[in-house]
Amino acid sequence: MAGDTDRMERLVALAKRRGFIFPSSEIYGGLNGFWDYGPLGVELKRNIKQAWWDDLVRRPPEGPDGRPIEMVGLDCSIIMNPKVWEASGHLAGFSDPMITCKECKKHFRADQVYVVRWMSAEDYEHYQERVAPYVPYITGEASVDEMSREELAEFRRLAEFDFAQRPTKYLKCVIAQSEEEALAKARLSSREKKHLGKAFPPSITPYVDYLDRPVAPEFPPPVCPHCGMAGALTDPRHFNLMFKSHAGAMKDSASEVYLRPETAQGIFVNFKNVLDTQRLKLPFGIAQIGKAFRNEINPRNYTFRSREFEQMEIEFFCHPDAAPQWYSWWRDARFQWYVRHGLTSDRLRLRDHEADELAHYAAACADVEYDFPFGVSELEGVANRTDFDLKAHQDHSGRDMTYFDEERWQQDAGQYKPEHYGGDKKAAKAAAAEAKAGPPYRFIPYVIEPSGGVDRAALAFLCEAYDEDEAPDEKGNPQQRTVLRLHPRLAPVKAAVFPLVKKDGMPEKARALYEACRREMTAFYDEKGAVGRRYRRQDEAGTPFCITVDGQTNEDGTVTVRDRDSMRQVRVPSEGVVAWLTERLGGA
Ligand code: GAP
């Protein structure tokens, strides 16, 4: 954990130093939950988005039937009619439980606060003997009516006096994602340890579970995770995460609008527009990349939980019967996409949600997770959202969101000929109209949604790529180097060109080579400092290849090309360098 924390700190420092990520509006002290991507960061992000778009929209993969899937793109407005958010359920339910400290006024997400309690050996013994038998009565799991008179008397004595005199020595509240993280964060200082004496392993309770319990001697009131004040936390209340604004000059309730918290709803409300204008047949997908905004209570873990971020979302519409097959296919396809782009370690995981974790509208869901230095967290979710969203928009807008399966109807239409109705044309027409109005010909499609975050993907790629090893300096002495082993397709700069020294015509030749490279790929020219240092600067930026024009170039027209990962150097004819690089970068 400590190693991971250090590693994260070094990565954050590198990202700042090399121009990947800066705190937003830093000269004014920044703004919590907002980040700016610098010259290298913006290239990384664009490469991620481009790879996603190219792989899924421009050159979509083959589906389970071996044929390329049908996919189109969309770019919706960020601010939409507020009725969209009413229909989607975001106005009523897109909230987190928030608690506030009445003392320091800080806000916390109630579901991310953990209560960690330590007892001394003596208290623990006392607790086991005297208190533990009564806990079910205190928590309400057992009724006091079931107690014998002696038990009741003991219980009253205990509640009124005894254990209150021997309180838990240490209670800490920490913000964490899991019990393990809570335990790691709530360590006792050596002074506290000494004070506590021989302590038993602490108990860890999610704050929300703690809330159900009446404040009793062995459940003292939680303390504020920030200022440590006991009993100052409010009860949780729902805090809607949507950013509100006003459209137009009037600032009243009629002009209230929201910044979208997800790109998905823009796709759902345009389902019919896209279907009708593109004459698509099920199954097909609509893809969108764009900004989303969430007024997170505790933005945290660098860019992982931001208030402004980008999503890459697909809503894949299919027949309800085909949804389970498409769900499995998308789940695996999305996982493999991350593997193909460099998340090859066992830090990448695919986790199916348990039935009790599923949102009420979802038939299945899986998360592509990454073990970040701050813990395992979601990169992308893939869900079978059934027909929930289209149905909700149909109900709220009054617009038809059904799909008509023309092909199937053409196959079956013969059944509705007058001869099957004793020659009664009217009856046949009526039966056909009735049949066409519902399943299996007309229905609301099911939706499989792979929904990922660009910023989280960028962070995972950076975490996986970050490495420290050794490289020889100019004198051949091993020096520690920091290297970003980014996949070439994602690397912000593909090639850097250097003259070995600033004389003998080398800069001119290197510049010409740089210009040639730059026409085909992102390239960088550097003539400052020792060449070893220039290599290391590029290693830190994740540049896969460095090309050096040196003395031999003047003799035989070759240059050295150095590989970032192996640090091996080969000589390549100068005029063939661009083709050489293009081949190795695989069109990156
Ligand atoms: N349409 C479904 C949806 O929005 P989500 O799980 O809330 O689902 C999808 O978000 C993805 O968006 C997440 O997997 C994550 O990559 C990204 N994301 C969500 N909230 C984020 C935040 N506060 N900061 C950065 N990325 C976020």
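This is a predicted model: local features need pLDDT of at least 70, side-chain atom pairs count only at pLDDT 80 or more; totals for chains, interfaces and linings use all residues.

Trainee: Which parts of the chain does the pair tie together?
Mentor: Arg351 sits in strand E14 (residues 348-352) and Glu369 in strand E15 (residues 364-372), so the link joins parts 18 residues apart in sequence.

Trainee: Why is Glu369 called buried?
Mentor: Its relative accessibility is 10%. Buried means under 20%, so Glu369 is buried.

Trainee: And why is Arg351 called partly exposed?
Mentor: Arg351 has 28% relative accessibility. That falls between the 20% and 50% limits, so partly exposed is the label.

Trainee: How do you know that Asp54 and Arg59 form a salt bridge?
Mentor: Their N to O distance is 4.0 Å. The rule says within 4 Å, and the pair is counted as a salt bridge. Asp54 is buried at 14% relative accessibility, whereas Arg59 is exposed at 54%.

Trainee: What makes Asp526 and Arg537 a salt bridge?
Mentor: Their closest N and O atoms are 2.9 Å apart, and the limit is 4 Å. The pair links distant parts of the chain, 11 residues apart. Asp526 is in the loop between strand E23 (523-525) and helix H19 (531-541), while Arg537 is in helix H19.

Trainee: Is Asp526 buried or exposed?
Mentor: Asp526 is buried, because its relative accessibility is 6% and the label requires under 20%. Arg537, at 30%, counts as partly exposed.

Trainee: Which residues do salt bridges with shared partners join into one network?
Mentor: Asp467, Asp469, Arg481, Arg485, Asp539, Arg562, Arg564 and Asp565.

Trainee: How many salt bridges does the rule give?
Mentor: The count comes to 42.

Trainee: How do you know that the span of helix H13 is close to the expected one?
Mentor: H13 (residues 323-340) has 18 residues. From first C-alpha to last it reaches 25 Å, against 26 Å expected at 1.5 Å a residue.

Trainee: Which residues of H13 are buried?
Mentor: Among them are Trp326, Trp329, Trp330, Arg334 and Trp337.

Trainee: What follows H13?
Mentor: Gly342, with a positive phi near 115 degrees.

Conventions:
Residues are numbered from 1 along each chain as its sequence is written. Side-chain values use heavy atoms; hydrogens and water are left out. A salt bridge is a side-chain nitrogen of Lys or Arg within 4 Å of a carboxyl oxygen of Asp or Glu. Buried means under 20% relative accessible area, exposed over 50%, partly exposed in between (1.4 Å probe, protein chains only). Helices (H or I, at least four residues) and strands (E, at least two) are DSSP runs, numbered from the N terminus. The expected span of a helix is 1.5 Å times one less than its number of residues.
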